Structure formats: C-alpha cells, structure tokens
Amino acid sequence: MSGLTGLALVTMIIWVALFGYVFSVDRKTKGLDHE
Amino acid sequence: MKVGSALKWFLFVWMLGVIWAAFYWVHPAEGFIGESSRIVFFHVPTAWVCVLAFLVSCIYSIKYLMHRDPADDFRAAVASRLGLLFAVLATVTGAIFAKIMWNAYWNWDPRQTSITILLLIYAAYFALRSAVPDPERRAALAAVYAILAFVTVPFLVFVVPRIYWSLHPDTIINTRGTNEFDPRYTMVLMASLAGFTGLSAWIYSFECRIERIRLRRQEEVL
C-alpha cells in the first residue's frame, strides 16, 4: 500500500468515525428534545 | 426518508467524494514537498468555518443585546465554541504542513502568530463566561466581548498576514487579486468548503438543541 493510499484511508476512517459520532449524538439529542 | 436525514447522508457521500478527489483526482501542486499540498483541502475549510462561526457568534451577540433573549446568548456561545474548535483544527493542520515544508511545526509566521492571538481572544471569551455566575450579567458581558472580539477577526485573518512577508503559500485569491490555482484544485477546494460548512451547520444545530434542553431543564428546576 502506497503512502498516498494510506493517507486517503486514514482520512476516510476519520470521516466515517466523525460522521457516525455526530449522527448518533444528533439522534440522542432529538430524542431528549421530544421528551 | 425525511429531508434532514437525506441531507445528512448526502453530506456523508459528498465528503467521501471530496476525500477521494483530494487524494486521487488532483495532482500534487508544483513547488510543494511530496503530497503536502493536498492538506489545503482540509486546512482552508477549517479556517473558513472558524471565521464563519465567529461571525455567527457576533450576530447573535448583537441580537442578544437588542432583545435580551437567552436563546441568542447560547447561540452565540455555541458558535464561539465551534469557531474555537475549528481554529484549533486549522492551527494543527497548518502546523503539519509547516513541518513538511519548513521542517518545523512552528515558525512564528504572521499567519501562525495571528491565529494564536485569535485563539487566545476566544479562549478568554470562555474564561469570561465561566467567571460570571449571574446568567443575565454573563450574557450581556459575553455579548459585548464577542462583538469586540469579532472586530479583530478581519485584521488577524485577512489583513495582518498580507501586510508582512509570510512563508504561507498564496491564498485562493492572492495579493495580486487573481486565482492562480489549478482549476481542479479550485473545484475540490470549493466542494470541501461546502462540505465543511454543511458539517459545521449540522453540529451547530444539535449543539444549540443541547443548550436549549439544558436551559429548559434549569427553568423546570427553578
């Protein structure tokens, strides 16, 4: 695996993890707002 | 699927496309070591979101002083927090670029110095908020401070780095008023700017929701 592919992979993993985290927090707070 | 949910998934796919294009569609720019020029697609948008968030904070601070609505106070605070977070990210990505290009994370370049001053100014905003226990007094003082803090932003971000000689590469619109970026670079950068703006708007909306819930619960307790 080249250095560039590695960097692209790490960036994609960071984005997927960040999106997953933001998505889950968003859903939780929506649930709290409707209580 | 609701529109909001569809937009979030669109953002997810959009940013995956931006990452792919940033690494595989554009070629490394001339005059840069290795692949270091690609960091521009993540560094510039973080700096952009930082300025945008500080502007939002200033607008809600003005609104608070006009209407004294606690919601405007927390909207301003959330925007400042988001701006501070993205200012840190811009500093970190800039330092990584500096290490590759100039072999040192920190060079006291005008841009590095001005972002440090900006970070300190907005860190002091939160020190001020935590130092005043009375909510109304805190909100009023923080609003005045946020307005004054934003006055420094155009100088520190746009003026000072252009007055002094800097190691920093040309911005999209350079000091000669032209855009000498490769068209592919401009396209991916604009796509990344749009993606980061969308992401920050999303984070901002749920951070405001959290603050609204907190305020409502405090009122219920009282």
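## Packing of H3 and H4 in chain B

In this predicted model, helix H3 (residues 70-102) of chain B packs against helix H4 (residues 110-131) of chain B at an angle of about 150 degrees. Their axes lie 10 Å apart. Axes are lines fitted to C-alpha atoms, for helices over the stretch in contact, and angles run from 0 to 180 degrees between N-to-C directions. H3(B) and H4(B) are therefore roughly antiparallel (under 35 degrees is roughly parallel, over 145 roughly antiparallel, 65 to 115 roughly perpendicular, the rest oblique). The crossing of H3(B) past H4(B) is left-handed (the near helix is turned anticlockwise from the far one by less than a right angle).

H3(B) contributes residues including Ala77(B), Gly83(B), Leu84(B), Ala87(B) and Gly94(B). Among those they meet in H4(B) are Ile115(B), Leu118(B), Tyr122(B) and Arg129(B). Contact requires C-beta atoms, placed from the backbone, within 7 Å. By class, the contact of H3(B) with H4(B) has 11 nonpolar, five polar and one charged residues. Ala, Val, Leu, Ile, Met, Phe, Trp, Tyr, Cys and Pro count as nonpolar, Asp, Glu, Lys and Arg as charged, and the others, Gly among them, as polar.

## Chain B overall

Chain B has six helices and zero strands. Helices (H or I, at least four residues) and strands (E, at least two) are DSSP runs, numbered from the N terminus. The C-alpha atoms of chain B fill a box of roughly 60 × 50 × 30 Å along the principal axes.

Of the 222 residues of chain B, 32% count as buried. Buried means 20 or more other C-beta atoms within 10 Å of the residue's own, exposed 12 or fewer, and partly exposed in between. Among contacts in chain B between residues at least 6 apart in sequence, 75% join residues at least 24 apart.

## Positive phi in two loops

Arg68(B) sits in the loop between helix H2 (40-67) and H3 of chain B. Its phi is positive, about 55 degrees, although Arg68(B) is not a glycine. Arg68(B) is partly exposed because it has 13 C-beta neighbours inside 10 Å.

Asn103(B) lies in the loop between H3 and H4 of chain B. Asn103(B), also not a glycine, has a positive phi of about 65 degrees. With 9 other C-beta atoms within 10 Å, Asn103(B) is exposed.

## Contact with chain A

13 residues of chain B are in contact with 14 residues of chain A. Helix H1 (3-25) and helix H6 (183-221) of chain B each supply at least two residues of the side that touches chain A. That side of chain B divides into 10 nonpolar, no polar and three charged residues.

## Conventions

Residues are numbered from 1 along each chain as its sequence is written, and chains are lettered from A and ligands numbered from 1 in the order in which they are written. In this predicted model, local features need pLDDT of at least 70, side-chain atom pairs count only at pLDDT 80 or more, and totals for chains, interfaces and linings use all residues.

Technical notes. Contact = placed C-beta atoms within 7 Å.
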